[in-house]
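Hi there,

I'm passing a structure over to you, with some notes on what turned up in it. Have a look at it first, then read on below.

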Amino acid sequence: MEWPSQSPDLNLIEHLWEELERCVSGIRARNADQKFSQLQTAWAQIPQSVLTNLPRRCQAVIDSRGFAD
């Protein structure tokens, strides 16, 4: 897959971390084990559409040559 180098919008892991952060924001954990458990639960609840839309999102960035529309 060809894409503009250095484009943060193409970092798929960042998009997934963003989704996880949204899911657990505002939920306090008493320790690292509790936070890990919260993250595991949030990971299991990420809608499949988020994962299937990642290639489309990347292609949109590629098509726009890394610039916003």
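**What was found**

Within the protein chain, confidence is highest in helix H2 (residues 32–44), at a mean of 93, and lowest in helix H3 (residues 48–63), at 80. The score here is pLDDT, the predictor's confidence in each residue, from 0 to 100, and helices are DSSP runs (H or I, at least four residues) numbered from the N terminus. Over the protein chain the mean pLDDT is 80, with 80% of residues at 70 or more.

This is a predicted model, in which local features need pLDDT of at least 70 and side-chain atom pairs count only at pLDDT 80 or more, while totals for chains, interfaces and linings use all residues. Residues are numbered from 1 along each chain as its sequence is written, and side-chain values use heavy atoms, leaving out hydrogens and water.

Now to the helix pair. The axes of helix H1 (residues 12–24) and H3 (lines fitted to C-alpha atoms over the stretch in contact, with angles from 0 to 180 degrees between N-to-C directions) come within 11 Å and cross at roughly 140°. In H1, Leu12, His15, Leu16 and Glu19 meet Val50, Leu51, Leu54, Arg57 and Cys58 of H3; contact means heavy atoms within 4.5 Å.

The whole structure has two salt bridges (a side-chain nitrogen of Lys or Arg within 4 Å of a carboxyl oxygen of Asp or Glu). One joins the side chains of Glu18 and Arg22, at 3.7 Å, N to O. Glu18 and Arg22 are four residues apart in helix H1, so about one helical turn separates them.

Best wishes

Conventions:
Helices (H or I, at least four residues) and strands (E, at least two) are DSSP runs, numbered from the N terminus.
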